[in-house]
Structures are given as structure tokens and as C-alpha cells.
Amino acid sequence: MTLTSVELAVGCNEASDLLPVLAPEVLAAHGARRAFWTVLDEGTVEQCLALLLERQDGIWTAHHAAFDAGVETGRTEDGEALARSGEWVYVIGSHFGSKGGPLRPKRAFFARFREADAGRPGAAGLQIVRNQFRLHRLVNDALAAADITPLPPGNRVRTRFIVETINRGTAREKTWATRLTPGDLPLNVEAAAFTPSGTLLLGLRFPVTEKGEPVLVEVAGVEGMFDDDSRTWPEVVRAYALTGVTPPGALVGFRALTAVGDGMYEAVVGSIDALGKGSVLLDDHPEGGDVTSRHIRFRLPTPDGGRQVAAELIADLAPFHNVEGLAVAGGQHVYVTDEDHRVAVWLS
């Protein structure tokens, strides 16, 4: 596949995920013929939503969008994934921690905004729900009950990400500490897409299966978290393992995910963490580091089908190790890569 690139700057930040803009109000406000949402890597979620815009004259530019998070201002970090449901754009936190642990409750959040509001003057409203490791508990319980076998975390990962998180929460008398157990797996949510039935697929960068396969979790009831009067928490309805995409001897996790219609999904899979950045995850599992990005396609099985999902390769994105976002727009594949202090958009 031949790719052309456009380099942009958005406050010296790096970008995660891509989501095409559908609201005409947003396109008109910026004189754009097309645009994509991305979420930046440093700061709170209300500070880290940006637009990557192609103007009518074909020139690309970036715009740091303005949002008002109300009482939740300043209480989140590390937004990773974007997904659309009707008029709403959802932003999902990684639910992970720094490269050396522990897990951070500020990263366990869901947020959403009405896309059309971002095309009007002033800051758009951003609803944020911090789930205080409820999703961590739900996913761990679902994986324990599923007919797929996750890779057990190494001793350093378990100590730094799980045991230390429990100890810190207990010492600070946090109620969320009871939602973790010493045998848990740390979650790193990296990708998301809604299904036609309204459930949300979460692509995990970690954990992976014992065979090194990417894990996908299907969650129902996400919208119930945002009902202030009768808040309900989601449930995990299924967990899947993607087969046929892991090179021999490697570990592969999700990097990006998008729905392309007719029940099909396209995704980018690759390394479980970045090389050369002090990752405890790679200290314990080095076979998950030197893995290049791959663009794949798959279809979910029927509800009564199996949990092994066969995927096909669309493109080997080598030598890239760092593809963080994928969108399909007008028959063209668009990628964004994780670069130092800049945003690189790649067009097929």
C-alpha cells in the first residue's frame, strides 16, 4: 500500500484514534470538506480533543476544540478511543496506568458530547463519567468466565499494576480498592466502535490471549452511565479472541477499530506497548514489543456463535510500529501515527 503523509501540530501533542466528522455544523464552522476527531495524549479529556481538517482548498490543518466538562473538569487523563452512536461522540479512557504502573483511576472514564455542538460558538458541553474501576471488574470477571484463556501477567506487571493499585487505594480509603483483586489482569483500552445493535466493542491492547491474540470485549448499556437521575452501569456481554493475525512467537493487541458497515469492522493491531520507554509490561513480555502494525478486517459471529473471530489481513503497515488511529472515508483509508510532538496523518 502506498501512503502519503501530512504532518500537523496540535500543542506539541501526539494523537490517538481517528473518527470522521459527520455533523455539517462542524465542517461549515471550519470551512472543511472533511474532518476527523482525534484525542491527544497529554492532559485532561476536555483539553485533548482536536479536529484534523482538510479545507476546501485541500490544505490540511489542526484545531484544538473547546469543551466544558463542568464539575468533572481536571479529573481525567489519557483518553485513547473514540466511537460514534447517533448524534453522540464517545471518548474512552485507557483504564491503564503509566509505563511502570500503577493503574490510575483518572484513566477509568467514559465521556461524550453532541457532535453538532462542537460547530457552534463557545465551548461544547462534555459529559464525563468516572467509573472507578467498575469496567475493570466487569471485564476481568467476563474474561474469567469466557472460553478464551488470557495470557497471565508476569510478576512485575501483577505487582506494579494490580497489587500496588490495591495497596494505594486501601491506604487512602478509596471505595474503588474493593473492585480489584490480586489475581486481576490490568486493562489497556485502546480502540472502540459501536455495533448496529448499540453495544460497544472495546479493543484491548492488553491483556491478550495465551496464544498472543488480540482480545475484543462487547459491552452493553453504556448510555445508562450518563443518566444522572437513574444511573446504571454497563455489562460485558461477550469477549472474543481474534485469530490469524498474530505472527509466530509474538503478542498482538488492538491499536484502532472502526465499523465499516454491513456488520464488518476494520482494525489495526500491533505491539502491546511501546519499545524504549521503560515499559514494565514489555519487561515481563518482551515478545509483545517489536511487532509492526497490521490493518485487518473481521466480522463478529452471531450471538450463539463461537468466541474465536477469524480476521483477514488488508495491509501490512511495516515498518510502522505506532499506528494509533484508523478511519475509512470516501473509499480511502486514513491512519494517524504516534509521533513525538506532532501529529502525522497518512492517506492511502
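Student: Arg255 and Glu190: buried or exposed?
Tutor: Both Arg255 and Glu190 are buried. Keep in mind that this is a predicted model.

Student: What kind of contact do the side chains of Arg255 and Glu190 make?
Tutor: They meet in a salt bridge, with 3.8 Å from N to O. The two residues sit 65 apart in the chain, Arg255 in strand β16 (residues 253-261) and Glu190 in strand β12 (residues 188-194).

Student: Why is Glu324 called buried?
Tutor: Because its relative accessible area is 5%, and buried means under 20%. Arg255 is buried as well, with a relative accessible area of 2%.

Student: Next pair. What does Arg299 form a salt bridge with?
Tutor: With Asp262, and the closest N and O atoms are 3.8 Å apart. Arg299 is in strand β18 (residues 294-299), while Asp262 lies in the loop between β16 and β17 (264-270), 37 residues away in the chain.

Student: Where do Arg299 and Asp262 stand on accessibility?
Tutor: Arg299 counts as partly exposed at 42% relative accessibility. Asp262 is exposed, with a relative accessible area of 66%.

Student: Which residues do salt bridges with shared partners join into one network?
Tutor: Glu77, Asp78, Arg104 and Arg107.

Student: And how many salt bridges are in the whole structure?
Tutor: A search finds 24.

Student: How many positive and negative charges does the chain have?
Tutor: There are 33 positive and 45 negative charges, and their mean positions are 3 Å apart.

Student: Changing topic. How many helices and strands?
Tutor: The chain has 4 helices and 22 strands.

Student: What is the radius of gyration, and what would a compact globule have?
Tutor: The chain has 19 Å; a compact globule of 348 residues would have a value near 20 Å, so the two agree. The C-alpha atoms fill a box of roughly 55 × 45 × 40 Å along the principal axes.

Student: How much of the chain is buried?
Tutor: Buried residues are 58% of the 348. The chain exposes about 13800 Å², of which carbon and sulfur atoms supply 48%.

Student: What about contacts between residues at least 24 apart?
Tutor: They make up 61% of the contacts between residues at least 6 apart in sequence.

Conventions: Residues are numbered from 1 along each chain as its sequence is written. This is a predicted model: local features need pLDDT of at least 70, side-chain atom pairs count only at pLDDT 80 or more; totals for chains, interfaces and linings use all residues. Side-chain values use heavy atoms; hydrogens and water are left out. The radius of gyration is taken over C-alpha atoms; the globule rule is 2.2 Å times the number of residues to the power 0.38. Buried means under 20% relative accessible area, exposed over 50%, partly exposed in between (1.4 Å probe, protein chains only). Contact means heavy atoms within 4.5 Å. Accessible areas come from the Shrake-Rupley method with a 1.4 Å probe; for residues, only the protein chains shown count as cover. Lys and Arg count as positive and Asp and Glu as negative; His and the chain ends are not counted. The place of a charge is taken as NZ of Lys, CZ of Arg, CG of Asp or CD of Glu. A salt bridge is a side-chain nitrogen of Lys or Arg within 4 Å of a carboxyl oxygen of Asp or Glu.
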